[in-house]
Amino acid sequence: MKNNSYMGRLELAPQALDRSFNREPIGFDHNLSTLDLFGLDSLRTLAEKYQGHDSDYMVASSASAPDQKFRSVKSANLNPSQAIDRLKTESVRILLKRPQDYDSRFQELLDGLTEQVVSLSGGLKTDRIMRLESSIFLTSAKTLTPFHFDPSAVFFFQIAGEKIYHLYPPSALTEPEMEQFYFRGMVDIAQVELNRRDPKLEHVFKLSAGKGLHQPQNAPHWVETNGDISISYSFFFETLAARKISRTRGFNHYLRKIGAQPSPPGAHPRLDAFKADAMDVWIPCRKTLSAVKSAALGK
Ligand SMILES: [Fe+2]
């Protein structure tokens with residue numbers, strides 16, 4: 001009999017995803033909490049495989065406030081196996097990156113879920129998925145992840161425990177806030193100030209086992225864990241179209257630094273493409289960038 005323990009399913013109406021993808025947060029149901037793959041013993045076995053692979057995991061203490069700086073959150077000096085043993089007794093957050101590299105069943109899970117998401121979205125069928133990643137997040141009860149945004153479209157699945165997810169659409173950020181991160185070629189988290197957001201834009205999702213959400217690229221958020229130990233899984237990617245927008249923003253940051261008022265992505269598609277291409281050559285050739293800058297400014 002076929003072993004279906006890694007066959008993940010998410011339930012999301014096609015129209016709903018097309019309307020909201022990379023624009024508005026949206027919730028969905030899923031079956032990942034029923035898979036053996038996410039049992040605590042199975043995750044303990046997985047965590048042991050991370051021993052010695054320091055760049056593939058993170059173990060940190062909880063933040064004390066949602067607007068705390070990430071770097072000021074103390075990193076716990078534990079490996080993932082030790083940290084799993086302390087989930088009940090201490091306040092720890094464990095991130096296991098790229099589980100598909102350590103257990104092929106996670107690769108099948110990732111492939112299956114990605115296929116479903118693409119099949120649900122007309123827009124994604126004509127775009128291209130770049131930098132597809134996944135991760136597992138285990139936290140003690142009562143932990144807090146500070147306010148930040150990520151440069152990827154995220155599909156987040158709550159497996160066990162309860163998380164309260166405070167999520168804003170990308171429109172809650174200003175263009176300059178996004179530009180500064182994309183100028184630096186950001187591929188990791190980016191922090192912004194929580195108190196500058198419009199509270200009316202906040203979506204609050206109470207996630208328990210079987211509940212999930214889509215977090216658009218550049219959607220700022222902070223997360224609380226309640227009750228018991230929390231286990232979550234997410235997969236995330238950047239599309240080719242989104243990457244071009246990010247590069248346009250990176251170039252706009254440069255224009256802003258020299259005193260220009262650049263148009264946001266979408267206002268002038270041909271100029272956007274020009275700026276995105278310029279960012280592709282930014283590092284190897286400053287001279288080309290300066291020529292493109294002159295063209296973009298009409299000088
Ligand atoms: Fe995040």
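1. Three protein residues donate to the iron ion: His148 (NE2), Asp150 (OD) and His221 (NE2), at 2.2 to 2.3 Å. Donors here are N, O and S atoms within 2.8 Å of the metal (3.2 Å for Na, K and Ca); water is not among the atoms, so sites may look incomplete. The donor spacing in sequence is H-x1-D-x70-H. Asp150 sits in the loop between strand 6 (144-148) and strand 7 (153-167), and His221 in strand 10 (residues 221-239), so the pair ties together parts 71 residues apart in sequence.

2. A note on the basis. This is a predicted model, with local features needing pLDDT of at least 70, side-chain atom pairs counting only at pLDDT 80 or more, and totals for chains, interfaces and linings using all residues. Residues are numbered from 1 along each chain as its sequence is written, and side-chain values use heavy atoms, leaving out hydrogens and water.

3. Helix 6 (residues 175-183) has seven of its nine residues buried. Among them are Met178, Phe181 and Phe183. Helices (H or I, at least four residues) and strands (E, at least two) are DSSP runs, numbered from the N terminus.

4. Helix 6 packs on helix 7 (residues 240-257) at about 105°, axes 7 Å apart. Axes are lines fitted to C-alpha atoms, for helices over the stretch in contact; angles run from 0 to 180 degrees between N-to-C directions.

Notes:
Buried < 20%, exposed > 50% of the residue type's maximum accessible area, 1.4 Å probe, protein only.
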